[in-house]
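Try each task before reading its solution.

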Amino acid sequence: MFKIITLVFFLFNCTYAFSGPTVWQAKKGELTFLMMGSIHMGKASFYPLPDSIINPFQYSHGLVVEADLTQHTGVDIPQGATTKSLLNKRELQRLSDIAKDVGVPVIALQNMQPWQSAMALQQAQTIKFGLDATLGIDIHFLSLAQNNSIPIIALESVQQQLDMIASFGENGLSLLTDTINHWEQSTELLPCMIAAWEHGDSHTMTMIYDEMVKDAGPLEHTLIIDRNEKWVDLLSNENRFKEGTYTVIVGALHYYGEEGVLALLEGKGFSISTLTESHDANCHIPTTP
């Protein structure tokens, strides 16, 4: 089973567009969600994004995102034991080897809390693949929303996200051990996931999601499945979203599978349609060790 190691990482009736990230429409009565998955760190080739989400965005009643990254001041960083004090000798050596691979000082990682070390490694890994946080899809839409005075609606706060990650046993130790134990698989998987997202390859994205949540443990449930359920409860709450058209941008893998946002919205009575074409990314999903 692939573990979740890419954290720091997816309206109108219209004709199909050319290949690009998948755009969905979720509609119930007078309420419409125009939805696309985010890659949290991006690159110039991701742009321009499909017209089917960019063109109607200026008329959107709100941008719905995981967290409003423009409002992160005053965040309280959870405190706890250091990585060095929690990893065993073999794990510390593994951490050192990976740190050299991505050019991160191992001493810095050892002195961080485990969840911080995991996020630092994941970010370094994505940078090695040419991705840039300033070109992430979330940041792009948040900037567009600010420039067009479109309300930003956050499903979570940055503080809630930090608290959630740090709450995993021993200050996120399981997130770090998953990261270092599945480093080679993630290095092989990440380019395929990016290619599948760029091509709108829903079949491959679904395969990646299903493999990640197969025999899901507490980590997978907390990071993906539980959050999907909470988000859909909010999106389907008529006291919060009764009518209008909203743009929804959350991590790409949250949309797929039986526990995905699309399936859960459908269970709440929304009709789901795809506004873009799907093209085969022709990439390799590494086998489970």
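**Exercise 1. A proline and its peptide bond**

Where does Pro-48 lie, in terms of strands and helices?

*Solution.* Start with the ground rules. The model is predicted, so local features are given only at pLDDT of at least 70 and side-chain atom pairs only at pLDDT 80 or more, while totals for chains, interfaces and linings use all residues. Residues are numbered from 1 along each chain as its sequence is written, and side-chain values use heavy atoms, without hydrogens and water.

Next, find the elements: helices are DSSP runs of H or I with at least four residues, strands are runs of E with at least two, and both are numbered from the N terminus. Pro-48 sits in the loop between strand S2 (31-38) and helix H1 (51-54). Finally, check the backbone: the peptide bond from Tyr-47 to Pro-48 is cis, with omega near 0 degrees.

**Exercise 2. The disulfide**

Find the disulfide (a pair of cysteine sulfur atoms within 2.5 Å) and describe its geometry and surroundings.

*Solution.* Step one is the search, and by this rule the count comes to one disulfide. Its partners are Cys-192 and Cys-283, with sulfur atoms 2.1 Å apart.

Step two is the location. Cys-192 belongs to helix H9, whereas Cys-283 is in the segment after strand S6 (271-274), so the pair links distant parts of the chain, 91 residues apart.

Step three is the handedness: the torsion about the S-S bond of Cys-192 and Cys-283 is about 50 degrees, so the disulfide is right-handed.

Step four is exposure, where buried means under 20% relative accessible area, exposed over 50%, and partly exposed in between (1.4 Å probe, protein chains only). Cys-192 is buried at 3%, but Cys-283 is partly exposed at 28%.

Step five looks at the sequence neighbours. Pro-191, also found in helix H9, is partly exposed at 35% relative accessibility. Its C-alpha atom is 9.5 Å from that of Ile-285, although Pro-191 and Ile-285 are 94 residues apart along the chain. Asn-282 lies in the segment after S6 and has phi near 50 degrees, a positive value in a residue other than glycine. Asn-282 is exposed, at 67% relative accessibility.

**Exercise 3. The nonpolar cores**

Which residues of the largest nonpolar core touch the most other members?

*Solution.* First, the rule: a nonpolar core is a set of buried Ala, Val, Leu, Ile, Met, Phe, Trp, Tyr and Cys residues joined through side-chain atoms within 4.5 Å. The largest core has 59 residues, and Phe-33, Met-35, Met-36, Phe-141 and Tyr-255 touch the most other members. Helix H9 (residues 183-199) supplies the largest share of this core, eight residues. Apart from it lies another core, of 27 residues, including Leu-87, Leu-92, Ala-124 and Trp-183. As background, nonpolar side chains in soluble globular proteins tend to be buried together.

**Exercise 4. Two packed helices**

Describe how helix H3 (residues 89-102) meets helix H5 (residues 114-128).

*Solution.* Begin with the axes, which are lines fitted to C-alpha atoms over the stretch in contact, with angles from 0 to 180 degrees between N-to-C directions. H3 and H5 pack at about 35 degrees, with axes 10 Å apart. Then list the contact residues (heavy atoms within 4.5 Å): Leu-95, Ile-98, Asp-101 and Val-102 come from H3, and Leu-121, Ala-124, Gln-125 and Lys-128 from H5.

**Exercise 5. Around helix H8**

Is Asn-171 buried or exposed, and what does Asn-171 touch?

*Solution.* Asn-171 is found in helix H8, and its relative accessible area of 18% makes Asn-171 buried. Leaving out residues up to four places away in sequence, Asn-171 touches Gln-79, Gly-80, Ala-81, Gln-113, Pro-114, Trp-115 and Ala-166.

Now step back to Phe-168, in the loop between helix H7 (158-166) and helix H8 (169-181). Phe-168 is buried at 9% relative accessibility. With the sequence neighbours up to four places away again left out, Phe-168 touches Leu-173, Ser-174, Leu-219, Thr-222 and Leu-223.
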